[in-house]
Amino acid sequence: MPAPDPRPPQRLGLVIHPSRALDRALETLNAWTAARDVDVVQIPVAGRAREVAPPGAAAECDLVLALGGDGTTLAALREAAAVDRPVLGVACGSLGALTAVAAPELAHALDRVAAGDWRGRRLPGAAVSADGAAPVVALNDLVVVRAGAGQVAAAVRVDGELYARFSGDGLVIATPLGSSAYTLAAGGPVLAPTASGLVVTPLAPHGGCCPPLVVGPQTRISVDVEGGHGGARAELDGQVTGLEPRRLDVTWRPDHATLVELDHAEPFLSGLRRRRIIMDSPRVLARDEREPGAPG
């Protein structure tokens with residue numbers, strides 16, 4: 001993990017949730033920055049028209065704050081990664097996988113960051129080139145999905161070798177971080193956070209046999225897409241790109257973005273269990289009720 005900058009931040013950049021209640025977090029932030037003569041700007045993000053601070057660029061900031069939830073933090077990471085700035089995710093609601101603190105703890109978290117008492121968690125991405133264009137990077141996942149009636153046909157190749165051809169709703173290519181989102185919902189595996197590689201999961205394939213496929217970090221995935229009469233579209237981290245790709249090339253991108261972590265950060269699997277994304281089977285839970293103290 002990279003060493004934190006020992007200098008207190010002089011300018012903070014905000015990426016905010018478009019509709020969630022942020023009053024408490026903003027009041028805390030304004031009081032903290034006013035007391036320390038720290039500038040605050042808002043980083044413009046497409047689809048988020050709500051304004052709470054003067055506009056500014058991520059490159060001009062020492063730290064980017066994401067006020068909202070995991071989706072807001074992902075948006076902040078996309079902006080900050082291009083200029084190598086760390087992101088502190090602040091949960092204004094329930095604590096997610098990417099938010100380091102809840103809104104009531106914001107002042108203490110900023111004190112920790114100002115003192116250099118934090119660590120940077122480097123997040124990998126999936127670099128996606130559509131039809132030979134310059135790559136863009138997804139931190140969670142790339143999704144190719146049918147845009148209308150009919151099915152998407154896809155031919156998936158791994159380092160040039162054909163894996164499977166199938167028709168269905170589309171497919172998801174996810175990082176370890178994104179494997180607990182759409183991939184898991186579609187029946188794919190969860191990758192441990194220390195894993196290096198991507199997972200390809202077909203969406204509702206119509207017949208055949210094409211189970212989810214996990215590949216290593218040196219692997220190149222290529223997907224030839226036929227959208228049928230309904231067409232197909234590509235989404236990156238849940239955002240519609242407007243692309244109707246015919247050929248996608250996907251590679252592992254290590255250390256793409258930096259997320260601020262503080263002491264006692266919740267482990268990845270513990271977070272999945274807390275949010276009940278991963279749950280014990282009813283039979284095991286019933287045994288626990290009958291036999292208090294059973295291993296769990």
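This is a predicted model: local features need pLDDT of at least 70, side-chain atom pairs count only at pLDDT 80 or more; totals for chains, interfaces and linings use all residues.
Visitor: Why is serine 179 called buried?

Guide: Buried means under 20% relative accessible area, exposed means over 50%, and partly exposed lies in between, as found with a 1.4 Å probe on protein chains only. Serine 179 has a relative accessible area of 0%, so serine 179 is buried. Its place is in the loop between strand E11 (170–174) and helix H4 (182–185), where helices (H or I, at least four residues) and strands (E, at least two) are DSSP runs numbered from the N terminus.

Visitor: Which residues does serine 179 touch, not counting those up to four places away in sequence?

Guide: With contact meaning heavy atoms within 4.5 Å, serine 179 touches Ala174, Leu184, Pro189, Val190, Leu191 and Val199.

Visitor: Why is aspartate 131 called partly exposed, and why does aspartate 237 count as buried?

Guide: Aspartate 131 has a relative accessibility of 34%, and therefore counts as partly exposed. Aspartate 237, at 8%, counts as buried because this value is under 20%. Aspartate 131 is found in the loop between strand E6 (119–130) and strand E7 (136–138), and aspartate 237 in the loop between E15 and E16.

Visitor: What makes the phi values of these two aspartates worth a remark?

Guide: Most residues other than glycine have a negative phi. Aspartate 131, however, has a positive phi of about 55°, and the phi of aspartate 237 is near 50°, which is also positive.

Visitor: What makes a set of residues a nonpolar core?

Guide: The term covers buried Ala, Val, Leu, Ile, Met, Phe, Trp, Tyr and Cys residues joined through side-chain atoms within 4.5 Å. The largest such core has 28 residues, of which Ile173, Ile221 and Val223 touch the most other members. Its largest share, four residues, comes from strand E9 (residues 152–158). A second, separate core of 27 residues includes Leu22, Leu29, Val40 and Ala109.

Visitor: How do you know that E15 and E16 pair?

Guide: Two strands pair if DSSP finds at least two bridges between them. Two bridges join strand E15 (residues 232–236) to E16, and the two strands run antiparallel; glutamate 235 has valine 240 in E16 as its bridge partner. Both strands belong to an open sheet of six, in the order E13-E12-E11-E8-E15-E16. Strand E13 (213–215) and strand E16 (239–240) stand at its edges, because each has a single partner strand, so one side of each is left without a neighbour in the sheet.

Visitor: How does strand E17 pair with E6 and with E14?

Guide: E6 and E17 pair in the antiparallel sense over 11 bridges, and serine 129 has aspartate 249 in E17 as its bridge partner. Strand E14 (residues 220–226) and E17 are likewise antiparallel, over five bridges, with serine 222 standing opposite aspartate 249.

Conventions
Residues are numbered from 1 along each chain as its sequence is written. Side-chain values use heavy atoms; hydrogens and water are left out.
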